[in-house]
Amino acid sequence: MVGIEFQVIFQKPPVLWVIRKQNRTDEVHTSPIATYYILNNNIYQAPDLYSVIGSRILTSLHHLHIAFNTAHQEVEFHPATGYTWKGEADSNSALRRSKIQDPKELIEFHSSIERTINNVTMKMHQQLSQAIIQTEEDNTLAINELNDLLISGTPGEMSDQSPSQSSSQPMVIDQMGKRRKKSEDSGKKKKKKQSG
């Protein structure tokens, strides 16, 4: 059976249930779509990791932006004395002014943060897909090498030998070293292409 399915992945009756909506591609493989939780007879959809991190980064950067604007307004420059902090009476009025911000400035700030988050997400997806492809290639090489070893030796020979007497063990270690070296070389080539 393939398609969309719902699975209870955690339960603490009668208070909490966690349900995952997932797409089943075959008997073994599924990909999660969404997670829901039922808490005191109310159903909520859990936010994805991107939304949580994006929201928290946006909130913290917004407050940092306000803090730097306030600090910038509290500094004054005079050629004789250089940079100095304004007096206490001026700081209260500057604090009131900083709380009333221009909506255009906030929109620009929000759009720049969105662009930054999208760029970081895109880079993370590229790195993840490269890692998945590399892992699949390594797995395919390992399976092919094990199949070659199994085909080249007969079952009787394999079972009669102990691991210490086996002549294929150094060969497997050498092949794993070659695979590792090949993987490192391809990683260096990819880094050169990206930096070039």
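Predicted model: local features only at pLDDT ≥ 70, side-chain atom pairs only at ≥ 80, totals over all residues.
In which helix does Ile53 lie? Ile53 is part of helix H1, which covers residues 49–73. Residues are numbered from 1 along each chain as its sequence is written.

The protein has five helices and six strands. Helices (H or I, at least four residues) and strands (E, at least two) are DSSP runs, numbered from the N terminus. Along the sequence their order is β-β-β-β-α-β-β-α-α-α-α.

Of the 196 residues in the protein, 13% are buried. Buried means under 20% relative accessible area, exposed means over 50%, and partly exposed lies in between, with a 1.4 Å probe and protein chains only. The accessible surface of the protein is about 15900 Å², and carbon and sulfur atoms account for 60% of it. Such areas come from the Shrake-Rupley method with a 1.4 Å probe; for residues, only the protein chains shown count as cover.

Ile53 has a relative accessibility of 41% and therefore counts as partly exposed. Between the C-alpha atoms of Ile53 and Ile117 there are 9.3 Å, and the two residues are 64 apart in sequence.

Next come the strands. Arg24 belongs to strand S2 (residues 16–24). Arg24 is buried, because its relative accessible area is 19%. Leaving aside residues up to four places away in sequence, Arg24 touches Met1, Val2, Gly3, Glu5, His29 and Thr30. A contact here means heavy atoms within 4.5 Å. A polar atom of the Arg24 side chain also lies 3.2 Å from the backbone oxygen of Asp26.

The structure holds one salt bridge, that is, a side-chain nitrogen of Lys or Arg within 4 Å of a carboxyl oxygen of Asp or Glu. The side chains of Arg24 and Glu5 form a salt bridge, with 2.9 Å from N to O. Since Arg24 lies in strand S2 and Glu5 in strand S1, the pair ties together parts that are 19 residues apart in sequence. Glu5 is partly exposed, at 25% relative accessibility.

Strand S1 (residues 3–12) also includes Ile4. Ile4 is exposed, because its relative accessible area is 52%.

How values were computed
Heavy atoms only, no water. Polar contact = N/O pair within 3.5 Å; in protein donor to acceptor, adjacent residues only side chain to side chain.
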